[in-house]
Amino acid sequence: MSISAVAALLLLSGAPPAVSDVAPVASAEIEPQQHDNDPAPVAPPTVVPTIEPIPSSAPAAPATAGSEPPTDAPSSPDDIVVTARGEAPPGDPLQEVNITSYRVVQSVDKAIVAPVATGYQGIVPEPVRDGLGNALRNLSEPINFLNFLLQFKIGKAAETLGRFAVNTTFGVGGLFDVAKTKPFNLPYRRNGFANTLGFYGVEPGPYFYLPLVGPTTLRDLAGNSLDLLVLPTAVGAPFNRPAYAVPTTVIKQLNDRIEGDAAIKCLQEESADPYVETRTLYLEMRQREIDALKGKGPDTASPEAGVVTMQAEPSAEASAIAAGEPIKACAPK
């Protein structure tokens, strides 16, 4: 049977032609022929995508809930130590101890001294506080007079003696500062053995910040201690008795704290470093006072001034870094 006859029968029956019966057409063009000497075809590699972590140059800090991981953070808090003040300056070799004392004093002042001073201010009328302060200040005139004599400043010694006489008599034991008003015009000049030591060339020595004293130096601490011994030694009772010394010291400290309240608050709030600012102002003030005694600086004494600071006494922030001394951070704008 011919091929055409077979095809015709299949078409009539509807069955598909068998594959084996169909001759391949141009098989060489569809796929290359494989020879016995040819190598076996290599299957293409299977690529499986993977994600690898990118290595970090710094160890990752442990993350905490609700916070983002810090960048460039040290692995240990001890790795970086930031000290704003740097090394202790030559004049303040015990800086770290003084800073600790300063913080303790400020804490006690905030918790106890300031509230007591505020209560004292509210209970005791201002004229009474001023009168007590004037009387205590009048008792320091003999010390001022003695030191002006030791410094060979006879004119100022005479003025100081005149102030003491006028206020003790006309001022009712010093309760009223009559001497600073007309016609006397005798301002108060604070002086002491610390100034006398400085006048004769004794260096300030190391700086201290002490409880109940505030900013001071070794020279000022020694001089102020001598001042406290003058009346008890020269006069005796009642100045050598605790019944006098304790209440008068408390009253003086409270008065000084009230007077220096605004300056102290401004120093603490406005200064970048209250401790360093306090130290700088105190040392500068004391140097100006010694220079004025030696004739190297102006004497700011005037009847309007009323009080001329010649020496810083132990007080709240040394009477806010000397009575009337503007603090740089709180200077009038």
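Buried here means under 20% relative accessible area, exposed means over 50%, and partly exposed covers what lies in between (1.4 Å probe, protein chains only). By that rule, Glu141 and Arg163 are both buried.

The structure above is a predicted model, where local features need pLDDT of at least 70, side-chain atom pairs count only at pLDDT 80 or more, and totals for chains, interfaces and linings use all residues. Residues are numbered from 1 along each chain as its sequence is written, and side-chain values use heavy atoms, leaving out hydrogens and water.

**Salt bridges**

Let us stay with Glu141 and Arg163 for a moment. Their side chains meet in a salt bridge (2.8 Å, N to O), a term for a side-chain nitrogen of Lys or Arg within 4 Å of a carboxyl oxygen of Asp or Glu. Glu141 sits in helix H5 (residues 141-150) and Arg163 in helix H6 (residues 154-169), 22 residues apart. Helices (H or I, at least four residues) and strands (E, at least two) are DSSP runs, numbered from the N terminus.

Arg163 also forms a salt bridge with Asp177, which lies in the loop between H6 and strand E1 (188-189), 14 residues away from Arg163 in the chain. The relative accessible area of Arg163 is 3%, and Asp177 is buried at 10%.

The structure holds 12 salt bridges; the table gives three of them.

| Salt bridge | N to O distance |
|---|---|
| Arg279 and Asp92 | 2.8 Å |
| Glu141 and Arg163 | 2.8 Å |
| Arg163 and Asp177 | 3.2 Å |

Arg279 lies in helix H11 and Asp92 in the loop between helix H2 (27-30) and H3, so this pair ties together parts that are 187 residues apart in sequence. Arg279 counts as buried at 11% relative accessibility, and Asp92 is buried at 0%.

**Helix packing and cores**

Two packed helices are described by the angle between their axes and the distance between the axes. Helix H3 (residues 95-123) and helix H9 (residues 242-259) pack at about 90 degrees, with their axes 9 Å apart; the axes are lines fitted to C-alpha atoms over the stretch in contact, and angles run from 0 to 180 degrees between N-to-C directions. H3 and H9 are therefore roughly perpendicular, the word used for angles of 65 to 115 degrees. Among the residues that meet are Asp109, Val113 and Tyr120 in H3, and Leu254, Arg257 and Ile258 in H9, where contact means heavy atoms within 4.5 Å.

The largest nonpolar core has 7 residues: Ile99, Tyr102, Tyr207, Tyr209, Tyr275, Tyr282 and Met285. Such a core is a set of buried Ala, Val, Leu, Ile, Met, Phe, Trp, Tyr and Cys residues joined through side-chain atoms within 4.5 Å. H11 gives the most to this core, with 3 residues. A second, separate core of 5 residues includes Tyr120, Val124, Leu254 and Ile258.

**Backbone details**

Most residues other than glycine have a negative phi, and most peptide bonds are trans. Here, a cis peptide bond joins Lys182 and Pro183, with omega about 5 degrees, and Pro183 is in the loop between H6 and E1. The bond from Ala237 to Pro238 is also cis, with omega near 0 degrees; Pro238 is in the loop between helix H8 (218-234) and H9.

Val172 has a positive phi near 55 degrees and is found in the loop between H6 and E1. Leu212 has a positive phi near 70 degrees, and at 76% relative accessibility Leu212 counts as exposed.

Methods: Angles under 35 degrees count as roughly parallel, over 145 as roughly antiparallel, 65 to 115 as roughly perpendicular and the rest as oblique.
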